[in-house]
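Open the model in your viewer and get ready to select residues.

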Amino acid sequence: MKIFIFEEVEELTDRYHPEGALVVIAENETEARELIATIESIKLTEEEWEEVLVYELSAFQDVEPRMFIFPDAGCC
């Protein structure tokens, strides 16, 4: 399993402040992209994919794929 950390995503939510961070746990990039595609408001650019931090989770092979969305709370 791998963990994909997107520190700054421009279009993460459909809120007034759509920015935020995204963490995805998946077997590989293909599975991560498929999981991200299930949330309509997330629109990652290729530049954001190029800047993603990816770490191997060798100690956690039995973890289920999942996402954690950290929206930018903004000023409101």
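Start by selecting Phe-4, Phe-6 and Trp-49, which ring pairs link into a cluster. This is a predicted model, where local features need pLDDT of at least 70, side-chain atom pairs count only at pLDDT 80 or more, and totals for chains, interfaces and linings use all residues. Residues are numbered from 1 along each chain as its sequence is written, and side-chain values use heavy atoms, leaving out hydrogens and water.

How many aromatic pairs does a search of the whole structure find? It finds two. Rings of Phe, Tyr and Trp (its six-membered ring) pair if their centres lie within 6.5 Å; planes under 30 degrees apart count as stacked, over 60 as edge-to-face and the rest as tilted.

Keep Phe-4 and Trp-49 selected. Their ring centres are 6.3 Å apart and their planes meet at 70°, so this pair is edge-to-face. Phe-4 belongs to strand S1 (residues 2–9) and Trp-49 to helix H2 (residues 46–51), so the pair ties together parts 45 residues apart in sequence. Helices (H or I, at least four residues) and strands (E, at least two) are DSSP runs, numbered from the N terminus.

Now check burial. Phe-4 is buried at 3% relative accessibility, and Trp-49 is buried at 9%. Buried means under 20% relative accessible area, exposed over 50%, partly exposed in between (1.4 Å probe, protein chains only).
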